[in-house]
Amino acid sequence: MQIRKAVITAAGRGARQYPASDTVQKAMLPLVDRDGLTKPLLQIIAEEAIDSGIEEICVVSAPGDEARYRSQFRSIVEHLRSAFRGVSWAEEQIRKVGELDSRIRFVEQHEPEGYGHAVWCAREFIGNHPFLLLLGDHLYISRESRRCARQLIELASSESCAVSAVQATREHLIHQYGTLTGRRLHDRTDAYQIDEIVEKPNPTLAELRLQVPGLRAGYYLCFFGMHVLTPTIFELLDDLVRQGDREGDQIQLTPALNSLADREKYLALETVGSRHNLGIKFGYVEAQIALALSGADRDRVLTMLVESVAREQTADRRSP
């Protein structure tokens, strides 16, 4: 199974990033990446896919956003060329933005009808192919040489099936994520056959239905915001759309994923890395710190953070 296409869902308006996201889509907000270059969030996510072997990317956007994205890509390139002509890092960023612009296609989600509906909007772009699915407000930072997406793609390719990335997550955080239970594969300690998925469960439900043998007490397997899915998912989403099967006025992905687990082989992989959700309070700050601590300037940033904490502690002790 070859995975050459990816979908990035980015139709949300980023209410938690207001007022910044009122003028710039949240996927175009800047972050300093691990290589020290300041990039739009969308570029960092897209490079996760491209560096993992993806050739074409579909961005699911809000109506009219394609023109705004394309305009901002052009603006970045033009400003870099005029202000930093001949500078090596600027030339590299010009090349990367140009490559991103050429690889991306856009499809519109005309109404905010849910995550499952956003994925369904990419069905014509994907066709009858397996694909990588990424969230437009999550960053993924690997703790090994392979990107997190590459880890997922390699397992999906070798097993010829859908695979979702998961991360062992503390009980008090599971209300933010899709959470699953399954059986560990006999020949791998990091992969599971998925049995059931519950979207954002409470701890009581999780304790009753979602415990996974072998995990530390108080931890559950939660989605990482990254999936490799087979085209079967579009048949299942078609059913939800046609039947108007909604949860809180939204067509969710989780019911289709549960049906996928019933219909065909579907695995979960504990990815060697971390996810960072920019859609929660301080998520943007946490993601920037995580990028900095895994990048080229790690020692400098770590020193700065330690000194900042020490100054705050000293100030607290001196306060009356």
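Leaving aside neighbours within four places in sequence, Leu-180 contacts Val-166, Ile-194, Glu-196, Ile-197, Leu-210, Val-212, Leu-221, Phe-223 and Ala-268. The structure is a predicted model.

**Leu-180**

- Leu-180 belongs to strand β9, which covers residues 178-184.
- The relative accessible area of Leu-180 is 0%; because the cut-off for a buried residue is under 20%, Leu-180 counts as buried.
- Glu-55 lies 125 residues from Leu-180 along the chain, and the C-alpha atoms of these two residues are separated by 30 Å.

**Helix α10 and its buried face**

- Helix α10 spans residues 254-263, and its buried residues are Thr-254, Ala-256, Leu-257, Leu-260 and Ala-261.
- Viewed down the axis of α10, these buried residues fall within an arc of 155°, and therefore they line one face of the helix.

**The crossing of α9 and α10**

- Two packed helices are described by the angle between their axes and the distance between the axes.
- For α9 and α10, the axes come within 9 Å of each other and cross at roughly 130°.
- The crossing in which α9 passes α10 is right-handed.
- On the α9 side, the contact is made by Thr-232, Ile-233, Glu-235, Leu-236, Leu-237 and Leu-240.
- On the α10 side, the contact is made by Pro-255, Ala-256, Leu-257, Ser-259, Leu-260 and Arg-263.
- The residues of this contact between α9 and α10 comprise 8 nonpolar, 2 polar and 2 charged.

**The packing of α11 and α12**

- Helix α11 (residues 283-293) packs with helix α12 (residues 298-318) at an angle of about 130°, and their axes are 8 Å apart.
- That angle makes α11 oblique to α12.
- Helix α11 contributes Ile-289, Ala-292 and Leu-293 to the contact, while α12 contributes Arg-298, Val-301, Leu-302 and Leu-305.
- The residues of the contact between α11 and α12 divide into 6 nonpolar and 1 charged, with no polar residue.

Technical notes: Residues numbered from 1 in each chain as written. Predicted model: local features only at pLDDT ≥ 70, side-chain atom pairs only at ≥ 80, totals over all residues. Heavy atoms only, no water. Buried < 20%, exposed > 50% of the residue type's maximum accessible area, 1.4 Å probe, protein only. Helix = DSSP H or I, 4+ residues; strand = E, 2+ residues; numbered from the N terminus. Arc of directions from axis to C-beta. Axes fitted to C-alpha atoms, helices over the stretch in contact; angles between N-to-C directions. Left-handed = near helix turned anticlockwise from the far one by under 90°. Contact = heavy atoms within 4.5 Å. Nonpolar A, V, L, I, M, F, W, Y, C, P; charged D, E, K, R; others polar. Parallel < 35°, antiparallel > 145°, perpendicular 65-115°, else oblique.
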